[in-house]
Amino acid sequence: PTTTPLAPRAAPATTSAPRAATASSAPVPRAATPPAAPPALKVYTRRPRQVAPPPPAQGAAPSPPAGAVQIPQVVNQHPMTTRGKHGFRQPAAFHASTPLSPIPKTVRSALADPNWRRAMEEFDALMANDTWTLVPRPAGTNLVTGKWIYRHKFHADGSLDRYKARWVLRGFTQCPGIDYDETFSPVVKPTTVRTVLSLALSQDWPIHQLDVKNAFLHGTLSETVYCSQPTGFVDSAHPSHVCKLNKSLYGLKQAPRAWYSRFASHLLALGFVEAKSDTSLFIYRRGTDTVYLLLYVDDIVLTASSPGLLRSTITALQSEFAMKDLGPLHHFLGIAVHRRSDGLFLSQHQYLLDVLERAGMSDCKPCSTPVDTHAKLSAMDGDLLSDATHYRSLTGALQYLTFTRPDISYTVQ
């Protein structure tokens with residue numbers, strides 16, 4: 001539309017007459033003030049919208065992994081440049097096509113799900129290992145009860161590995177001095193793990209990871225322990241019988257100690273010796289041949305001075321225990337290990353996400369200094385924790401996180 005500028009307003013007329021001249025003063029003429037020009041009006045017009053050209057055709061996108069569906073690429077006519085338009089995915093935009101079977105709350109619901117039913121085939125391994133003998137319950141004996149524990153096992157990248165079900169005894173139903181005595185079992189120290197990995201890298205030795213199947217079942221008990229039959233697998237011919245344990249089971253207070261004693265005795269027979277600084281580090285030396293073995297319960301890290309020596313050591317261990325070689329070290333005790341040309345990169349990213357989820361802080365904002373520098377702690381003041389066990393669990397998880405995050409050590413301690 002055409003805009004017509006407004007005409008300037010006329011100057012007001014002067015009504016008072018000029019003051020008369022006197023002898024002492026002469027009239028001073030005043031200069032006429034020109035009228036102020038009105039401000040020029042500005043007319044704004046909208047620029048025509050420019051349609052962005054379509055992005056150039058890219059090469060063929062990588063195919064998604066098995067069992068995943070790729071998210072379609074973002075396509076619109078907006079000129080803004082985004083990661084989605086250029087095909088960048090961070091993290092990778094894949095969703096599992098098959099939903100996870102939820103963790104069952106009862107044995108009946110677990111047996112009705114084919115995924116968990118296959119996972120409960122561990123019962124066959126218990127029977128094949130001659131873990132117990134069915135006997136009538138002796139009078140006056142303590143009976144240890146148990147339960148099935150169900151878990152989802154994930155890879156280091158968060159994808160599903162397998163469904164895991166395990167028959168675990170309730171150790172709190174044991175009686176000290178009757179069905180257990182000593183319970184301490186050593187585990188490898190974090191400083192020992194870092195030292196051995198540094199030595200292996202400096203010498204360019206291969207590093208492999210081993211996993212023992214049902215490790216605690218290899219332990220030999222020195223006490224007489226009776227437990228109930230696994231729920232859902234009660235012998236129909238002897239429903240009132242109990243299990244007299246021949247081997248150790250998960251959940252027993254002495255199970256870690258029994259497994260460590262069994263495994264350590266076999267290593268000593270092969271020629272290994274325990275390190276004086278850490279009894280979970282076993283060293284083998286014959287001339288120029290050297291082997292280091294780290295033991296943390298049923299997880300093993302093995303490195304040797306040559307690939308042939310490493311293979312012969314694994315073969316010797318597999319002849320005695322049901323053990324699987326997982327290949328080069330990639331995931332150990334919740335730590336993702338990536339080997340690079342300049343060394344090893346250790347990360348606890350997935351473990352950290354699990355800790356945040358347990359604490360209900362998955363959506364929290366990051367902080368460069370996660371500590372209150374003006375906090376005043378007192379042992380007497382303040383409100384009591386609603387769940388002290390949950391607090392202790394999170395504190396222990398944060399302490400373990402300092403393995404790869406020494407920058408939070410002060411805050412955690």
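# Close-up views of a predicted model

β6 gives the most to the lining of the largest pocket, with seven residues. This is a predicted model, in which local features need pLDDT of at least 70 and side-chain atom pairs count only at pLDDT 80 or more, while totals for chains, interfaces and linings use all residues. Residues are numbered from 1 along each chain as its sequence is written, and side-chain values use heavy atoms, with hydrogens and water left out.

**View 1. The largest pocket has a volume of about 2,200 Å³.** Its lining counts 49 residues, and those closest to the centre are Arg151, Lys153, Phe154, Arg162 and Lys164. At least two lining residues come from each of α2 (114-119), β5 (146-154), β6 (160-169), β7 (207-212), β14 (323-328), β15 (331-332), β16 and α7 (349-359). By class, the lining of this pocket holds 21 nonpolar, eleven polar and 17 charged residues. Ala, Val, Leu, Ile, Met, Phe, Trp, Tyr, Cys and Pro count as nonpolar, Asp, Glu, Lys and Arg as charged, and the others, Gly among them, as polar. Pockets and cavities are found on a 1 Å grid over the protein atoms alone: a pocket is an open set of points with protein on both sides within 12 Å along at least five of seven lines, a cavity is a set where a 1.4 Å probe fits but cannot get out, and lining residues have an atom within 4 Å of a point. Grid points are joined across faces, edges and corners, and a volume is the space filled by probe spheres set on the points. Helices (H or I, at least four residues) and strands (E, at least two) are DSSP runs, numbered from the N terminus.

**View 2. One cavity reaches 30 Å³ or more.** About 50 Å³ of space lies in the largest cavity. Two or more of its lining residues come from each of α4 (190-203) and β16 (335-340). The lining consists of Val193, Leu197, Leu329, Phe332, Ile335, Val337, Leu346 and Phe403. Which classes do the residues of this lining fall into? Eight are nonpolar, with no polar and no charged residues.

**View 3. Leucine 197 sits in helix α4.** Leucine 197 has a relative accessible area of 7%, so it counts as buried; buried means under 20%, exposed over 50%, and partly exposed in between (1.4 Å probe, protein chains only). Neighbours within four places in sequence aside, leucine 197 is in contact (heavy atoms within 4.5 Å) with Ile207, Leu329 and Leu344. Valine 301 is 104 residues away along the chain, yet its C-alpha atom is 9.4 Å from that of leucine 197.

**View 4. Glutamine 229 lies in the loop between β8 (226-227) and β9 (242-245).** Is glutamine 229 buried or exposed? Its relative accessibility is 11%, so it counts as buried. A polar atom of the glutamine 229 side chain lies 2.8 Å from the backbone nitrogen of aspartate 235. The side chain of glutamine 229 also reaches the backbone oxygen of histidine 241, at 3.0 Å. Beyond four places in sequence, the contacts of glutamine 229 are Leu134, Trp167, Val234, Asp235, His238, Pro239, His241 and Cys243.

**View 5. β3, β9, β8 and β4 form an open, mixed sheet, in that order.** β3 (132-135) and β4 (143-144) stand at the edges with a single partner strand each, so one side of each has no neighbour in the sheet. Two strands pair if DSSP finds at least two bridges between them. β3 and β9 run antiparallel and are joined by four bridges. Leucine 134 has cysteine 243 as its bridge partner in β9.

**View 6. Six strands form an open antiparallel sheet in the order β10-β11-β12-β13-β7-β14.** β10 (273-274) and β14 are the edge strands, each pairing on one side only. Five bridges join β7 to β13 (residues 299-304), and the two run antiparallel.

**View 7. Serine 347 lies in strand β17 (residues 343-347).** Its side chain reaches the backbone nitrogen of histidine 349 at 3.3 Å. Neighbours within four places in sequence aside, serine 347 is in contact with Gly334, Ile335, Ala336 and Thr404.

**View 8. The protein chain has nine helices and 17 strands.** Of its 413 residues, 31% count as buried. Among contacts between residues at least 6 apart in sequence, 66% join residues at least 24 apart.

Note on methods:
A polar contact is a pair of N or O atoms within 3.5 Å; within protein, one must be able to donate a hydrogen and the other to accept it, and residues adjacent in sequence count only if both atoms are side-chain atoms.
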